[in-house]
Amino acid sequence: RIGGERYGCSLSGSKIEDINNRSKSDVVLLHTHPTDASFSGEDVLVLLENKGFNSILALSPTHTYILSKKGSRRRIWKRDDGERALSAWNRYRNDLDDEIQFDVAKGTSLNTIVSRYGHQIMEGVSSEFGLTYTRVELNG
């Protein structure tokens, strides 16, 4: 268990090295998102660049988001998968820019925009990279 600050958590290089040297990728990263945002490109990068991490969970006020390396025991993740996934995240985000700007102009709330488009971005990235992405709505 590793604690963090309100806006972040840092893992020492030696702790990450210990995690990555395990024979299984069994570590699950759990963190919170104060808005209803799905995963950022950096979240995907952290998951894919660390072979010891199996999944990452984000808890928001209305959803739990789960991203896992599908079939991680069979797939050999390449060194540059994290950077390629981050680039894909940015590409999907840029492809949605007109729709996002339209919603902004309509006065759609920022939380709705972040939730809607973040989810679409992650569906694209996870499909492209063979990741399992799930969004679970919390009952209020």
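User: Which element of the chain has the lowest mean pLDDT, and which the highest?

Analyst: Helix α1 (residues 13–20) has the lowest, 71, and helix α4 (residues 97–106) the highest, 94; pLDDT is the predictor's confidence in each residue, from 0 to 100. Helices are DSSP runs of H or I with at least four residues, numbered from the N terminus. This is a predicted model, in which local features need pLDDT of at least 70, side-chain atom pairs count only at pLDDT 80 or more, and totals for chains, interfaces and linings use all residues. Residues are numbered from 1 along each chain as its sequence is written, and side-chain values use heavy atoms, with hydrogens and water left out.

User: What makes aspartate 81 and arginine 84 a salt bridge?

Analyst: A salt bridge needs a side-chain nitrogen of Lys or Arg within 4 Å of a carboxyl oxygen of Asp or Glu. The N to O distance here is 2.7 Å, so the pair qualifies. The two residues are three apart in helix α3, about one helical turn.

User: Why is arginine 84 with aspartate 80 also called a salt bridge?

Analyst: Their closest N and O atoms are 3.8 Å apart, so this pair meets the definition too. Asp80, Asp81 and Arg84 are linked in a network of salt bridges.

User: Is aspartate 81 buried or exposed?

Analyst: Buried means under 20% relative accessible area, exposed over 50%, and partly exposed in between (1.4 Å probe, protein chains only). Aspartate 81 has 0%, so the residue is buried.

User: Why is arginine 84 called partly exposed?

Analyst: Arginine 84 has a relative accessible area of 39%, so it falls in the partly exposed class.
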